[in-house]
Amino acid sequence: MVQYVEGRPVGELTLRTLAMPADANAAGDIFGGWVMAQMDLACGIRAAERAKGRVVTAAVKEMSFAKPMKIGDTLCIYTHIERVGRTSMTLKLQAWAQRYLSDVMEKVTEADFIMVALDKDGKPSPIPAE
Ligand SMILES: CC(=O)SCCNC(=O)CCNC(=O)[C@H](O)C(C)(C)COP(=O)(O)OP(=O)(O)OC[C@H]1O[C@@H](n2cnc3c(N)ncnc32)[C@H](O)[C@@H]1OP(=O)(O)O
């Protein structure tokens, strides 16, 4: 059974992927930029589903890394749509590490992402009702 360290993930599990040696520095710690890229991917998936179309990342709010990711950990990204505006939406993202060959889950980082829906010309476009 999964054991969560300090609280529970908030939101929908949107993406899971494995941290590989190519994503790490010489000490075996995973690059923060790799984690951020996975968060951006997850956000893109969730926001495009909600907008029913193309979206772009407009802003990422403060992000700090509470715990390291290591090679072999499974990165689990949770997304929660907190606010839907006219053309933009705010998603709360949490990145959790399922430690290598274990059931232990620890929160690595979290951040707010602002995503904007775009039309075919790349201009902001109203987000349709659900
Ligand atoms: C550089 C890169 O490659 S970064 C990677 C991918 N991201 C991108 O390429 C995005 C590049 N940026 C853009 O294309 C534009 O700045 C856009 C589409 C994000 C916004 O275009 P603008 O013409 O400024 O649009 P506009 O001012 O109408 O804002 C659209 C919505 O986004 C919101 N918004 C735009 N920028 C921000 C921001 N920095 N923070 C919060 N909200 C923002 C606005 O409040 C508005 O929301 P609403 O319609 O819900 O009220």
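This report walks through the ligand site, the annotated domain and the salt bridges of a predicted model.

## Around the ligand

Let's start with the ligand and its neighbours. The shell is made up of Val56, Thr57, Ala58, Ala59, Gly85, Arg86, Thr87, Ser88, Ile114, Val116, Leu118 and Pro124. Sorted by class, seven of these residues are nonpolar, four are polar and one is charged. Two strands, S3 (55-60) and S7 (104-117), each supply at least two residues of this shell, and S3 gives the most, with four residues.

A backbone N or O atom of Thr57 sits 2.9 Å from a nitrogen atom of the ligand. On the side-chain end, a polar atom of Thr87 lies 2.6 Å from a ligand oxygen, while an N or O atom in the side chain of Ser88 is 2.7 Å from an oxygen atom of the ligand. As for cover, the ligand on its own has 990 Å² of accessible area, and the protein covers 39% of that.

## The annotated domain

An unreviewed UniProt entry carries the annotation "domain: HotDog ACOT-type" for residues 9-121. In the model, this span is 18% helix and 45% strand, and its end C-alpha atoms lie 36 Å apart.

## Salt bridges

Now for the charged pairs. Side chains of opposite charge can pair when their charged atoms come close. The structure holds ten salt bridges. One of them joins Lys70 and Asp29, with N to O at 2.7 Å. Lys70 belongs to the loop between strand S4 (64-65) and strand S5 (74-84), and Asp29 to the loop between strand S2 (12-18) and helix H1 (32-51), so this pair ties together parts that are 41 residues apart in sequence. Both partners are partly exposed: Lys70 has a relative accessible area of 37%, and Asp29 has 24%.

Arg99 and Asp73 form another bridge, their closest N and O atoms being 2.6 Å apart. Because Arg99 is in the loop between strand S6 (88-98) and S7 and Asp73 is in the loop between S4 and S5, the pair links parts 26 residues apart in sequence. Arg99 is buried at 16% relative accessible area, and Asp73 is buried at 2%. Arg99 and Asp73 also belong to a salt-bridge network with Lys67 and Glu106.

A further bridge connects Lys120 with Asp121, where the closest N and O atoms are 3.9 Å apart. Here Lys120 is exposed at 75% relative accessibility, and Asp121 is exposed at 57%.

Note on methods:
Residues are numbered from 1 along each chain as its sequence is written. This is a predicted model: local features need pLDDT of at least 70, side-chain atom pairs count only at pLDDT 80 or more; totals for chains, interfaces and linings use all residues. Side-chain values use heavy atoms; hydrogens and water are left out. A residue is near a molecule or strand if one of its heavy atoms lies within 4 Å of it. A polar contact is a pair of N or O atoms within 3.5 Å; within protein, one must be able to donate a hydrogen and the other to accept it, and residues adjacent in sequence count only if both atoms are side-chain atoms. Accessible areas come from the Shrake-Rupley method with a 1.4 Å probe; for residues, only the protein chains shown count as cover. Ala, Val, Leu, Ile, Met, Phe, Trp, Tyr, Cys and Pro count as nonpolar, Asp, Glu, Lys and Arg as charged, and the others, Gly among them, as polar. UniProt positions are given in the numbering used here, feature names are shortened, and annotations may be inferred rather than shown by experiment. A salt bridge is a side-chain nitrogen of Lys or Arg within 4 Å of a carboxyl oxygen of Asp or Glu. Buried means under 20% relative accessible area, exposed over 50%, partly exposed in between (1.4 Å probe, protein chains only).
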